Amino acid sequence: MFQFSNNLCAVVTGGSRGIGKEIACRLAEENIKVYALASSKESLKNIENITNLYPIQCDISSRDSINDFFQIIEEENQSIDILVNNAGIHRDNILLRMSEKDWMDVIDINLHAPFHLMKHALKGMIKKNFGRIINISSISGTDGNKGQSNYAASKGGLIALTKSLAKEVGKRNILVNCIAPGVIETDMISHFSETIKKSYFERIPLNKFGQPSDIANIVHFLCSDEASYITGQTFYIDGGMSLN
Ligand code: NAP
């Protein structure tokens, strides 16, 4: 349906489960070589033996781990054309009870890691005069959310980072965009009680949660040739939840 350049190479963080797995598989189907990163060997078993998909254990909270990954890329004579900063965690609590560790862990994985990954990936993109960076934020990043000040701050930061970088590298034909999902059915929301689910449904005009494929669809489009005039944007994929 959409057109893609030849011989593309992508990195999808958190590519072993949920939204990231769906994105990684969708890009791999387009004949793109996809490195799917996750911190645990266990979760990477979900994506074994998929054509064009290369599972890599890399804890993105560690700079050394990120450096080691890019060392592999260099040794394989690859450079990254598409970077999807998808991995994210939450450690929810009201701010008064939030530990500094929970604050830092969330900021480290959700915001610091994309910064480091972008810096690495940009070098090859600038040389090629081509690149696509897609950051998975959240509607919490613009709306805020009670009990999620660390998560919301990290996701809001990611939107601002996206816009700033889009302005810096537009002339190099590197497009940087953001997706802000609403509530998507993955492990991340598996702890929701029926009461919480019901309260969310009431806030979502489409009256249902989204699926990982809803996010993969737009990432797929943003990586295609047809999206070549779109940069610095945040796309809300939330069943209308952010309208409230
Ligand atoms: P998920 O099901 O919990 O999956 C998270 C992925 O990130 C897993 O592959 C996980 O693998 C990986 N990951 C976690 N920590 C990592 C680390 N330190 N290093 C490398 N990989 C790591 O999450 P999801 O629901 O698919 O969410 C994906 C993204 O969408 C996140 O950024 C999330 O904030 C955002 N989002 C989700 C929702 C939602 O409702 N689900 C809504 C808005 C935004 P390992 O555990 O093996 O490391």
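Predicted model: local features only at pLDDT ≥ 70, side-chain atom pairs only at ≥ 80, totals over all residues.
View 1. Rings of Phe, Tyr and Trp (its six-membered ring) pair if their centres lie within 6.5 Å; planes under 30 degrees apart are stacked, over 60 edge-to-face, and the rest tilted. Tyr-35 sits in strand β2 (residues 33–38) and Phe-69 in helix α3 (residues 63–75), so this pair ties together parts 34 residues apart in sequence. Helices (H or I, at least four residues) and strands (E, at least two) are DSSP runs, numbered from the N terminus. Both Tyr-35 and Phe-69 are buried; that means under 20% relative accessible area, while exposed is over 50% and partly exposed is in between (1.4 Å probe, protein chains only).

**View 2. Lys-33 puts its charged end over the ring of Tyr-54.** The distance to the ring centre is 4.8 Å. To count, NZ of Lys or CZ of Arg has to be within 6 Å of the ring centre and within 35 degrees of the ring normal.

**View 3. Phe-2 and Phe-221 make a tilted pair, one of eight aromatic pairs in the structure.** Their ring centres are 5.3 Å apart and the planes meet at 55°, so the pair is tilted. Phe-2 comes from the segment before β1 (9–13) and Phe-221 from helix α8 (residues 212–222), which puts the partners 219 residues apart. Phe-2 is partly exposed at 22% relative accessibility, and Phe-221 is partly exposed too, at 23%.

**View 4. Arg-26 is buried but has no salt bridge.** Its place is in helix α1 (residues 18–29). The nearest side chain of opposite charge, Glu-22, is 4.0 Å away; a salt bridge needs a side-chain nitrogen of Lys or Arg within 4 Å of a carboxyl oxygen of Asp or Glu. Lys and Arg count as positive, Asp and Glu as negative, and His and the chain ends are not counted. Leaving aside residues up to four places away in sequence, Arg-26 touches Ser-213, Ala-216, Asn-217 and His-220 (contact is heavy atoms within 4.5 Å).

Terms used: Residues numbered from 1 in each chain as written. Heavy atoms only, no water.
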